[in-house]
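Hi everyone, thanks for coming. Let me put the structure up on the screen, and then I'll walk you through a few spots in it.

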Amino acid sequence: MLLFSAEGLWSLSENSRIVLRSVALTLECISAITLVGARCGRGSCLGEIRLGPWYLAWTGLVLGLLTTTWTAPQLGLVAQIDRVSVLEALKVVSIAVVVWTAGYLLTLGRAATAVARSLGRLAAPGPEFRLRSPAVPWILAFVATAARLVLLALGQYGYLGDVSKRVSESSAFAYPLSMAANLGVTGLMIAVADLGRHGDSRRRRCVAVLALIETVFALISGMKGQFVITIAGACVAYVAVRRRLPVRMLCLAAVVFVFVVIPFNMAYRGLVRGPDSHLGTSAALRSAPDLLSRTVSDRKSDDAESDGPTKYISGRLRGIDSIAIVVQRTPAIVPDRDIKDLMLAPILTAIPRALWPDKPIVVDGYTFNQEYYGTDASLYTAAAISPIADLYRYGGIIVVAAGMFVLGGFCRLIDDALHPFSDPRYVVIFVPVMLLLVSHERPYSDVLASLPLQFCAALVVSRFAFGGLARKSH
């Protein structure tokens, strides 16, 4: 806050003020990390993969430090954002961080914690980590692979298929199939935790094969985030058992991501759905192995060479843009949304499309570009919408404060009741929730709507993987 106040002492340019406020926000997040980490008695708790400290660390990076890149000229849609709006957005985020931290420290109450612990006991019956069968990770991988093959056949897997159909029609089976496809990462997490507990050649082979399967599907999906999710899930499962970060694995994964995944992904997307080409699913799959081979041998594509991995990643991760454009145009140009829509989001999402064929198709990122950037409906691209930006659309800073307080309290709830250090089996619940909450690329309404389904899916999978042990012990 001192750096924010220091603006009035000097006559600074807009770029200098952006840098000053970005650094101030980053330092604010670091200070908040020390506050929420102090309750663990082990420094920041980042090494323990606690949800609270990691949320603040990621916020400090993508909304604080990376906002300094706004001092350079902006191209594309974000060029419509003025720097005054970026400065106002940084103020909004600063308030949001304070309120989120208060929510985390004050918690949602003992009753909520007791309910969460009851769910944990229901998800992980019995006194110890033991799989129902050694085949559990393989079964989950088989189900996920089958679901992804069906999605590929339907043209609805990742970046493949006719994207225009996704904003105009939806299958009753698309969402269940997508949730089933996520079981691949869950199977890998369970296999990693099982390897960490016991450790033998059979379990090592299992982890290696499952990791390879997930990496292949991440590459052919055209979605870089899927590779990150795979690594993050395996990393958290390892930490849950071994109580230390796998530094060598993370360094190797970072090298592969920067020098293989990013160049391949950029070339693959340009080939599959470029301005001069649009490959079908079969043709895209046939082209992937050769393109990957060239990427590995060249170590970089032309796009990566011209832009540089660092510049690309920083531009891709920066999260202030959606907040700035919302602050700039709501409610002056784009009116506030009805708060009831935010409250009803979990209920509407939970109703299966098979029971409600005419249920509205929610494509927030696609419609956001049209409402806030004025793009044509024929441009099938989705904007990343920060939870803070989404909350602001429902009533400004008051709604942001209320939503962030609840989010902070919920993160504390997960850390207290369902962290894998309490029971390694909780990794099945913790990782999906962590990936959902830490990201600054999903609207708050989407997070709110997805949480109940994520919990239900994790509960079913955990019961399948670890259930029945309590009965066997008698």
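Before we start, one term: when I say two residues are in contact, I mean they have heavy atoms within 4.5 Å. And please keep in mind that this is a predicted model.

Okay, let's begin with a tryptophan, Trp70. You'll find Trp70 in the loop between α3, residues 51-64, and α4, residues 83-106. So, is Trp70 buried or exposed? Buried means under 20% relative accessible area, and Trp70 has 1% relative accessibility, so it counts as buried.

What is Trp70 in contact with, once we leave aside its neighbours within four places in sequence? The list is Asn15, Ile18, Val78, Ile81, Arg83, Val86, Arg318, Ile320 and Asp321. While you're looking there, find Val19 too: Trp70 and Val19 are 51 residues apart in sequence, yet their C-alpha atoms are 8.5 Å apart in space.

Next, helix α7, which runs over residues 174-181. Which of its residues are buried? They are Ala174, Leu177, Ala180 and Ala181. Those four cover an arc of only 125° around the axis, so they sit on the same side of α7. As a reminder, an α-helix has 3.6 residues a turn, so residues three or four places apart point the same way. And what do the buried residues of α7 pack against? They pack against α6, residues 136-154, and α8.

How many cavities of 30 Å³ or more turn up in a search of the whole structure? Two.

The largest cavity has a volume of about 50 Å³. Its lining is made of Leu131, Pro134, Pro137, Ala191, Asp194, Arg202, Arg203 and Cys206. Two elements give two or more residues to that lining, namely α8 (183-197) and α9 (201-221). The largest share, three residues, comes from α9. Sorted by class, that lining has five nonpolar residues, three charged and no polar ones.

The second largest cavity holds about 30 Å³ of space. Around it you can pick out Glu48, Ile49, Val236, Val239, Ala240, His419, Pro420, Phe421 and Phe430. Which helix gives the most to this lining? That's α10, residues 224-242, with three residues. By class, the lining of this second largest cavity has seven nonpolar residues, one polar and one charged.

Conventions. Residues are numbered from 1 along each chain as its sequence is written. This is a predicted model: local features need pLDDT of at least 70, side-chain atom pairs count only at pLDDT 80 or more; totals for chains, interfaces and linings use all residues. Side-chain values use heavy atoms; hydrogens and water are left out. On a 1 Å grid over the protein atoms alone, a cavity is a set of points where a 1.4 Å probe fits but cannot get out, and a pocket is an open set with protein on both sides within 12 Å along at least five of seven lines; lining residues have an atom within 4 Å of a point. Grid points are joined across faces, edges and corners, and a volume is the space filled by probe spheres set on the points. Ala, Val, Leu, Ile, Met, Phe, Trp, Tyr, Cys and Pro count as nonpolar, Asp, Glu, Lys and Arg as charged, and the others, Gly among them, as polar. Buried means under 20% relative accessible area, exposed over 50%, partly exposed in between (1.4 Å probe, protein chains only). The arc is that of the directions from the helix axis to the C-beta atoms.
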